[in-house]
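Colleague: Hi! Could you walk me through this one? I'm new to it.

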Amino acid sequence: MQVKRIIDGAAASHLMEPLTALVVKAGEAILAVNRAAMRVDGKQDGSPVTEADLAADRIIADGLAQLAGDIPTLSEERTQLASPPFRASFFLIDPLDGTKEFVAGRDEFTVNLALVTSGVPLLGIVSAPALGLLWRGIVGRGAERVGFDGATIGAAEPIHTRKLPPLGEPWIAAVSRSHGDPRTEAFIDHRPSAVRKAVGSAVKFGRIAEGSADIYPRFGPTCEWDVGAGYAVVTAAGGSVTDGKGGALRFGERHDGGFIIPEFIAWGDPQAARL
Ligand SMILES: Nc1ncnc2c1ncn2[C@@H]1O[C@H](COP(=O)(O)O)[C@@H](OP(=O)(O)O)[C@H]1O
Ligand SMILES: [Mg+2]
């Protein structure tokens, strides 16, 4: 029987640099694709997939096999190969999050990579290749923002979420540019002084983690690979990510092969979750 590996925070910290290099390499492959000439296919769920999604997925799959081949992986582009539930540690990957942004020629798309242990994201990297910026963190060990140019990775800068501004002062709600929904709108409408900021993909989690946005509510469905890496980064930076009612989220544990997260809220200031 295969021994299932449990990666803790200390072991995860040894993986952070090689995983960062891998995510940056996947981003280079995405940027190398000519968006004007590429083919855009539709997936069964209606979302687009391009050669860039597949190229990034291949690089990450090969890299993870070399780096930690005994840890299972769940990728958006390879769900048929996954065998949930994942009880120990597994990698959770969205090789190109915000494909609609990418196809539309905008810059807010990301490579998301999380290491989940016992149902909870522990390590996360959210990389925005076209912005030359990534956000990364390990829960309990802090979060960082790192600039990069091609394969050259700059110095890491510690980041922290910010406290919710005092009552009456404006605060920023990050919202999807491509997938609005009425319940998210109502949630924000109920909170006075909230200013909406449309941001594509998991860049929203990065903005919460660095303290330039306060809340990212999402009352429409996303998938576990859209959220796992951002969950770890925001939590490591001092925030929290909950279900729509403030309860815990779990990852990789569903038996039915579904990976939908019906709703979640990322909070920069965990105290604000009580608002
Ligand atoms: N109805 C739905 N069901 C599942 N996931 C959805 C969805 N609508 C949007 N998403 C997810 O939201 C992501 C885009 O986020 P945003 O709207 O914040 O830019 C998409 O990621 P992909 O681009 O990787 O497919 C997609 O997976
Ligand atoms: Mg996605």
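Modeller: Happy to! Let's begin with S118, which is found in the loop between β5 and β6. Helices (H or I, at least four residues) and strands (E, at least two) are DSSP runs, numbered from the N terminus. This is a predicted model, in which local features need pLDDT of at least 70, side-chain atom pairs count only at pLDDT 80 or more, and totals for chains, interfaces and linings use all residues. Residues are numbered from 1 along each chain as its sequence is written, and chains are lettered from A and ligands numbered from 1 in the order in which they are written.

Colleague: What is the phi of S118 like?

Modeller: S118 has a positive phi of about 50°, although it is not a glycine. Most residues other than glycine have a negative phi.

Colleague: What about S201, where is that?

Modeller: S201 is in the loop between β11 (194-198) and α5 (203-209). S201 is not a glycine either, yet it has a positive phi of about 60°. S201 counts as buried because it has 29 C-beta neighbours inside 10 Å.

Colleague: Which residues does the cis peptide bond join?

Modeller: That bond joins P84 and P85, with omega about 0°. P85 sits in the loop between β3 and β4.

Colleague: Changing topic, which domains does the chain have?

Modeller: The domain assignment gives domain 1 (9-159) and domain 2 (171-274); such bounds come from an automatic or database domain assignment. Their C-alpha centres lie 18 Å apart. The contact between them takes 42 residues from domain 1 and 33 residues from domain 2. Two residues are in contact if their C-beta atoms, placed from the backbone, lie within 7 Å.

Colleague: Which element gives the largest share of the side of domain 1 that touches domain 2?

Modeller: That is β6, with eight residues.

Colleague: How many residues does the largest nonpolar core have?

Modeller: The largest nonpolar core has 71 residues, and L113, V233 and A266 have the most contacts inside it. Both domain 1 (9-159) and domain 2 (171-274) give residues to this core, so it lies between them. A nonpolar core here is a set of buried Ala, Val, Leu, Ile, Met, Phe, Trp, Tyr and Cys residues joined through C-beta atoms within 7 Å.

Colleague: What is L113 in contact with?

Modeller: Leaving aside neighbours within four places in sequence, the contacts of L113 include L19, V23, F91 and A229. L19 and V23 are among the buried residues of α1.

Colleague: Where does α1 bend?

Modeller: α1 bends by about 40° at M16, and a proline, P18, follows within four residues. The bend is the angle between axes fitted to the seven residues ending there and the seven starting there.

Colleague: Last one: which residues come nearest to ligand 1?

Modeller: Of the 18 residues around ligand 1, D97, T99, S176, H179 and P221 come nearest. Being near means that a residue's C-beta atom, placed from the backbone, lies within 6 Å. The largest share of the shell, three residues, comes from α3.

Methods. Buried ≥ 20, exposed ≤ 12 C-beta atoms within 10 Å, placed from the backbone.
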